[in-house]
Amino acid sequence: MKNYAHEYALSVNNPSKYWLEQSSNIAWSKTPTRGCSYNWESTKGTIFTEWFADGELNITVSCLDKHAQNTPEKVALLWQGEQSDNVHTYTYKQLLEAVCQCAHMLTNLGIKTGDIIALFMPMIPETYIATLACARIGAVHSIIFSGLSAHALATRLNDLKAQTLITAASAVRNGKNIPLLDSARQARACSPSITKTVVINHDEQSSLESDEYNWHTEINNLPKTFEPVIRHAEDALFILYTSGSTGKPKGLVHTCGGYILYASMTHKQVFDIQPEDVYWCTADIGWITGHSYGLYGPLSNGCTSILFEGVPTYPQPDRYWQIIQKYRVTKFYTAPTVIRLLAQAGTKWLEPYDLSSLKILGSVGEPLDPTSWQWYHTHVGKNRCHIVDTWWQTETGGVMLCALPGEHKTQAGTVGQPFYGIKPTLVSATEDRSITDLCITQPWPGIARTIFNDHDAYAKTYFTAHSGMYTSGDGAFLDHDNYVITGRIDDVLNVSGHRISSAEIEGAIVKHPTCAEAAVVGQPHPIKGEGIAAFVVLSADCIETAKLLDEINLCLRSCIGPIAKVDFLYVVEGLPKTRSGKVMRRILRKIVHGTTDIVGLGDISTLLNPEIISEIINKIIHG
């Protein structure tokens with residue numbers, strides 16, 4: 001802790017000096033001499049943040065060239081397909097060569113530095129190759145999650161005004177081929193800016209239309225070297241749309257220099273990355289976790305990273321444990337929704353496997369409730385692995401709060417302390433001070449610089465509520481110097497004048513032995529004004545009993561107090577979640593307030609399980 005305290009003090013007392021020193025770990029073509037300049041007060045002019053403004057680089061040099069020169073035969077990427085024997089590996093030398101060939105293909109198609117390229121791709125090596133090739137030529141990539149509908153894809157393409165789309169004929173999920181190209185063509189019909197589509201014939205051959213180009217044909221026999229295009233540190237690297245859990249998706253813009261430094265450093269420190277590590281982040285590349293800790297962080301640190309196309313429960317709920325044993329994974333990063341899903345399946349799926357290679361277990365996406373934390377620690381980590389429950393956002397670019405290995409004690413229910421350079425504060429969000437906004441008081445290199453084509457919305461969303469601070473939209477409190485995330489500020493219930501965090505109530509509900517997952521929202525109540533409605537998913541082989549509501553309320557009374565009491569209980573098969581694992585409580589809130597028409601629920605394009613909505617509506621209407 002002395003090491004952390006000393007380093008942390010240096011990082012927040014003189015952030016420009018600190019991050020300039022850290023930037024020496026990145027390969028620059030022109031080393032920056034300027035740290036940070038910013039304005040976070042709207043009364044003083046335009047909101048902006050800049051880092052290393054006089055620096056120049058191409059981020060692929062840090063991710064590829066450096067390692068291809070120093071450790072050319074080291075495995076950079078280990079791809080595991082859904083079928084166990086479907087495996088492909090790339091050394092750093094091979095990955096660099098593949099990226100250079102793709103860079104030539106893109107330039108041959110007329111793509112220039114600064115152009116925006118949209119990618120609608122599954123979890124295959126070509127997705128990483130295409131992404132890095134965009135960065136190599138100085139184009140801006142925007143990866144759109146391959147599970148989205150054609151309408152959701154079209155919405156993002158039209159916002160981007162992208163001219164080129166890269167996609168695949170299909171994706172593989174649960175043993176089925178998902179026809180991505182069909183969705184891409186439907187979206188393209190509504191997106192007049194798209195004039196070229198590059199198609200990877202993954203797992204199936206398909207005939208192409210006149211404005212479609214076959215990846216394999218176009219890339220064949222192209223040169224394996226490509227000089228990286230130098231970019232300014234503040235040039236855009238990528239645009240990534242948020243999951244839509246709080247409304248209309250927004251295209252967050254991340255820049256070259258600050259982003260790659262922050263992704264690289266947080267990855268190395270949070271997971272204590274060593275040369276021999278086999279690292280696995282299960283997040284899809286379509287989300288920020290897949291960007292920062294699936295692609296850019298691991299490659300910049302020169303480690304071996306696993307890329308998996310599949311789901312944790314196909315063909316059986318032991319798939320993740322098979323992969324960990326097969327490749328001797330040392331560092332594992334997944335989402336609470338995955339942890340709860342696998343816990344619900346039972347420990348019998350874990351027992352046949354040797355997980356002794358694991359050293360650090362990570363969690364990301366939403367607060368990891370203490371019950372799930374304990375299961376993760378006991379059954380996966382065998383009570384010996386350090387757990388890093390991380391808090392951060394698409395907007396932050398990388399981890400902001402966590403328990404650093406070797407520096408902080410890991411503790412169930414908390415996300416630990418600030419990462420270096422991060423200066424959080426808790427600001428009252430209500431007159432009675434019962435809810436506090438988690439804000440950041442000074443810039444860090446990984447912060448998104450704007451919302452694409454809507455800087456006014458960026459300033460209003462993040463810098464208006466508390467002038468001079470970045471407002472995260474999440475609530476938190478301090479528990480013995482460790483931060484506890486209570487969830488979105490708008491996920492707060494007002495029950496008989498008491499404001500209670502939904503995360504706190506949900507954490508208490510899942511302490512009940514039959515409750516695997518829970519989500520709570522406020523529902524109109526004739527006496528209280530707002531009562532607590534709980535949507536509960538039961539553990540495997542458990543059934544709803546007449547006493548369940550009373551038993552849940554005993555848990556709430558024990559954990560929170562008599563003010564917390566579930567008034568409406570709905571036992572459901574699943575909760576509406578985004579593909580990144582966040583429960584979309586705003587949908588549940590609208591349903592209990594009387595919206596029974598799916599059209600009236602707003603943007604549901606990022607839902608993992610849209611079919612669950614009809615079941616929930618029927619449960620509300622018919623009981």
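**Exercise 1. Is Arg188 buried or exposed, and which residues does Arg188 touch?**

Solution. 
- Arg188 has a relative accessible area of 10%. Buried means under 20%, exposed over 50%, and partly exposed in between, with a 1.4 Å probe and protein chains only. Arg188 is therefore buried.
- Arg188 sits in helix H7, residues 180–189. Helices are DSSP runs of H or I with at least four residues, numbered from the N terminus.
- Leave out residues up to four places away in sequence: Arg188 then touches Ile194, Thr197, Glu209, Asp211 and Glu212. Contact means heavy atoms within 4.5 Å.
- His151 is 37 residues from Arg188 along the chain, and their C-alpha atoms are separated by 9.7 Å.

This is a predicted model: local features need pLDDT of at least 70, side-chain atom pairs count only at pLDDT 80 or more, and totals for chains, interfaces and linings use all residues. Residues are numbered from 1 along each chain as its sequence is written, and side-chain values use heavy atoms, without hydrogens and water.

**Exercise 2. Describe how H4 and H5 pack.**

Solution. 
- Two packed helices are described by the angle between their axes and the distance between the axes.
- The axes of H4 (residues 92–108) and H5 (residues 125–137) come within 8 Å and cross at roughly 65 degrees. Axes are lines fitted to C-alpha atoms over the stretch in contact, and angles run from 0 to 180 degrees between N-to-C directions.
- Classify the angle: under 35 degrees is roughly parallel, over 145 roughly antiparallel, 65 to 115 roughly perpendicular, and the rest oblique. H4 and H5 are therefore roughly perpendicular.
- Contact residues include Leu95, Cys102 and Leu106 of H4, and Ile129, Cys134 and Arg136 of H5.
- By class, this contact has 14 nonpolar, one polar and one charged residues. Ala, Val, Leu, Ile, Met, Phe, Trp, Tyr, Cys and Pro count as nonpolar, Asp, Glu, Lys and Arg as charged, the others, Gly among them, as polar.

**Exercise 3. How many disulfides does the structure hold?**

Solution. 
- A disulfide is a pair of cysteine sulfur atoms within 2.5 Å. The search of the whole structure finds zero.
- Check Cys134: the closest cysteine sulfur, in Cys102, is 6.9 Å away, too far for a bond. Cys134 is buried at 0% relative accessible area.
- Check Cys439: the closest cysteine sulfur, in Cys36, is 18 Å away, too far for a bond. Cys439 is also buried, at 0%.

Note on methods: Helix = DSSP H or I, 4+ residues; strand = E, 2+ residues; numbered from the N terminus.
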